[in-house]
Amino acid sequence: HTAYRRQRQMCIRDRYESLLSHYLYSMPSIDLIREYLLVSRNRFPPDQTSIWENTCIDILEGNYLTVLTSLEYLDKPIATFLGVLLEAKGLLKPYDDLDRNINDSEYDLTDDVDIDELNVVSKNKNTTSNNKKNTSVVDSMLKDLSFSCFGIQKLFPIGIGILISINNSNTREIIVEVLPHYQCNTNDDFEWCLSVCAKLRLPKTASIIYKTQGQFFKDKGYNLPSLKCFSESGDLQLVTRSIWSLFEASLIQDGPIQDDDLVEYIENGEDVVNAFDDGEKEEDEEGVVEKTSNREIVKSNGILRQAMSPYVSLYKYHKNLEQGNYYESINQLINLLKFKYLPKYYMCLILIKILPFINQDENLIYLNLNDYPSDKIVKELNEISKKSIRNLIENNKLIYLIQYLNEYEEILKNDPIVLKQSNYLINMFKNYKQTTDNVNIPNNVEELLLKLRKGLGFEISLKFVNF
């Protein structure tokens, strides 16, 4: 037997063959592997520069944490997934038990520690133990891997999924911080973010995501999806501010906003969501290529519809004016003046739009009555009344206009900010119209009020003559 052992030792060329020879021909027991490995290492010392050799030795010696550390330098995902397998096999339990013992002995009753602080620590530990056992080595690796995923757009959902699977005490806090930074490029991405918020009960985070997506849509020119996201966020001020910006743009450009979805929303009472892409090409049964858009019809949002009412009135004004329905056009403008929450500096542009209904021909106001006999004056006024659109304004509407004009003048006297903003909007409107039409627009609020006063006086005269 001794001669056979010597002959066997002479044939061994490396540490691996030495280990196998002891295991196969001495006493084949898994419990003696470490002893056999120690003998093999003494005879064939490992190359300390070889990561592979040292890792294999650490595996045989049960130094799994060292193995994971070595692999983590080479490939963090593979090291993490290997750690999950080792934990599932129970090979990392000694490390977790050691960490747990250290945590349990962190505060000793004999230590000089404030009793209130000790109670807080004890309460926090009990809360953590109720939710999840103490953080394990693999949990820390998984968390680190999830953080690495957040830097890559395509891997971001994987990082969130890893955090949810860990379910540590601070998982929700981490997701609250990182989830709003995820860029949603498709409706599926957006719905996924909202589903994560619903699953973890994060209403404030969902609100932030709605606002972020709303701003994203707004920057790309998708007005209706932007407004819908703002309304779903629950921020009514943000909704109204966005709608008033559309209202102002429509006033200045003297026409409705060129947005098909917004027009369809107003006319049909439906939200048309078509914000992410123009669609994909598909073939039907006959082989004809069709373009299908990513559209979703959803029910109207009550908050959004209520906030949209001023813009809807302005849209109807432009629509009726285009179709020649002057009665309805002037009614929509007067309804806007009646609106309780209308910012007062917008009244100047609304009054400018009312001005043509009152005084279509500016020269008619400056008739020199002294140059005409009385019978000729009456005749001229009657002819003007027949040709002009001034008769479109009913008596009660005329009274409303005078009332609002008086209120507006009073506001301008007492509020210099409204006066400044009104003049600014008039200049913007005038500059825009000069590039499109050659029209006579007042230069400032004072000139506008003067024209309106003269026009209303002339209108009252016509009403009196036709009475």
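## The loop between α12 and α13

In this predicted model, Arg-201 is found in the loop that lies between helices α12 and α13. Its backbone carries a positive phi of about 55°, although Arg-201 is not a glycine. Most residues other than glycine have a negative phi.

Asp-254 is found in the loop between α15, residues 236-253, and α16, residues 260-268.

## Packing of α12 against α13

Two packed helices are described by the angle between their axes and the distance between the axes. For helix α12, residues 187-200, and helix α13, residues 203-220, the axes come within 9 Å and cross at roughly 165°. Because an angle over 145 degrees counts as roughly antiparallel, α12 and α13 are roughly antiparallel to each other. The crossing of these two helices, α12 and α13, is left-handed.

On the α12 side the contact is made by Phe-190, Cys-193, Leu-194 and Cys-197, and on the α13 side by Thr-205, Ala-206, Ile-209, Tyr-210 and Gln-213.

## Cysteines

A disulfide is a covalent bond between the sulfur atoms of two cysteines. With a cut-off of 2.5 Å between cysteine sulfur atoms, the count of disulfides comes to zero. Cys-197 is accordingly in no disulfide, and the nearest cysteine sulfur, which belongs to Cys-193, is 6.9 Å away. Both Cys-193 and Cys-197 are among the α12 residues that make the contact with α13.

As to accessibility, Cys-197 has a relative value of 2% and so counts as buried. Cys-348, at 0% relative accessibility, also counts as buried.

Leu-337 lies in helix α19, which spans residues 326-338, and at 5% relative accessibility Leu-337 counts as buried. If residues up to four places away in sequence are not counted, Leu-337 touches Leu-342, Met-347, Ile-350, Leu-351, Ile-354, Leu-401 and Tyr-404. Leu-337 and Leu-405 are 68 residues apart in sequence, while their C-alpha atoms are 9.7 Å apart in space.

Ser-329 lies in helix α19 as well, and its relative accessible area of 0% means that Ser-329 is buried. When its neighbours within four places in sequence are left aside, Ser-329 is in contact with Tyr-317, Asn-320, Leu-321 and Phe-357.

## The protein as a whole

The secondary structure of the protein comes to 24 helices and four strands, and α12, α13 and α19 are among the helices described above. Of the 467 residues in the protein, 39% are buried; Leu-337 is one example of a residue that counts as buried.

Considering the contacts in the protein with a separation of 6 or more, residues 24 or more positions apart account for 61% of them.

Definitions and conventions
Residues are numbered from 1 along each chain as its sequence is written. This is a predicted model: local features need pLDDT of at least 70, side-chain atom pairs count only at pLDDT 80 or more; totals for chains, interfaces and linings use all residues. Side-chain values use heavy atoms; hydrogens and water are left out. Axes are lines fitted to C-alpha atoms, for helices over the stretch in contact, and angles run from 0 to 180 degrees between N-to-C directions. Angles under 35 degrees count as roughly parallel, over 145 as roughly antiparallel, 65 to 115 as roughly perpendicular and the rest as oblique. A crossing is left-handed if the near helix is turned anticlockwise from the far one by less than a right angle, and right-handed if clockwise. Contact means heavy atoms within 4.5 Å. Buried means under 20% relative accessible area, exposed over 50%, partly exposed in between (1.4 Å probe, protein chains only).
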